[in-house]
Amino acid sequence: MNELAGRVIQFQRDVFPHRSDLYERLAIHGQRPKALMISCADSRVVPEEIMHADPGDLFVCRNAGNIVPPYAQANGGVTSTVEYAVEGLGVNDIIVCGHSDCGAMKALLDPQSLSAMPNVAAWLKHSHAVGCIVESSYAHLDPAGRLRAAILENVVAQLAHLRTHPSVAAAIARGTVSLHGWFFDIHAGEVLALDGQTNRFAPIREDRPMPIALEARPRQAADLSLIAEAAE
């Protein structure tokens with residue numbers, strides 16, 4: 001605790017005085033974050049550092065395994081955070097970010113390791129489909145390859161869950177929200193992004209457009225002109 005207290009004091013003494021104008025604006029005018037990032041709670045993954053974000057730039061939801069449970073009426077922290085980010089704050093980008101060496105995905109592939117953690121085991125049921133995908137499509141890989149596949153497939157699965165949330169579904173239909181699936185390689189410091197056209201992850205590079213899982217544009221299944229004609 002002494003070390004933690006020392007860091008707080010250092011922030012108050014050395015950091016805050018140089019950023020007091022920014023914090024004053026945020027305190028007076030409120031927040032207008034550019035994106036919602038749903039990332040793992042792993043201490044090695046710092047969303048604000050990865051995105052080089054200032055206070056007020058990023059709305060963050062962290063949990064074991066960067067999981068987004070499918071929408072349900074039962075209240076939950078992730079569901080409430082997503083709903084508030086979209087409806088309350090009007091974010092235009094939602095990022096689900098997995099990472100290398102993810103402990104949650106290791107546990108998903110080795111359920112026996114969770115015998116003393118029943119709540120974690122229950123939480124990881126939201127990624128049950130990922131385990132099935134790995135068993136059916138990646139069984140030939142070595143353990144390291146299977147883990148990496150699980151981490152990437154988990155990002156894809158959670159993006160699919162995200163689209164079951166009414167606020168997100170409505171924003172997608174309006175064309176006001178883009179969805180992003182990212183993978184952060186802790187060792188290399190590299191971020192891969194899911195390309196919705198190829199369904200593969202590719203590095204984010206300065207010299208090429210960033211891959212996007214689902215680009216913002218109106219997505220209405222019904223042809224409004226045909227509906228109008230039918231009504232007449």
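**The sheet and its hairpins**

Let me begin with the hairpin of strand 5 and strand 6, where four residues lie between the strands and Asn 199 takes a positive phi near 60 degrees. Strands here are DSSP runs of E of at least two residues, and helices are runs of H or I of at least four, both numbered from the N terminus. This is a predicted model, in which local features need pLDDT of at least 70, side-chain atom pairs count only at pLDDT 80 or more, and totals for chains, interfaces and linings use all residues. Residues are numbered from 1 along each chain as its sequence is written, and side-chain values use heavy atoms, with hydrogens and water left out.

Strand 5, residues 190–195, pairs with strand 6 in the antiparallel sense over four bridges; two strands count as paired if DSSP finds at least two bridges between them. Asp 195 has Arg 200 as its bridge partner in strand 6, and Ala 193 stands opposite Ala 202.

On strand 5 there is a further hairpin, formed with strand 4, again with four residues between the strands. In its turn, Gly 189 has a positive phi of about 70 degrees. Strand 4, residues 178–185, runs antiparallel to strand 5, joined by four bridges, and Phe 184 has Val 191 as its bridge partner.
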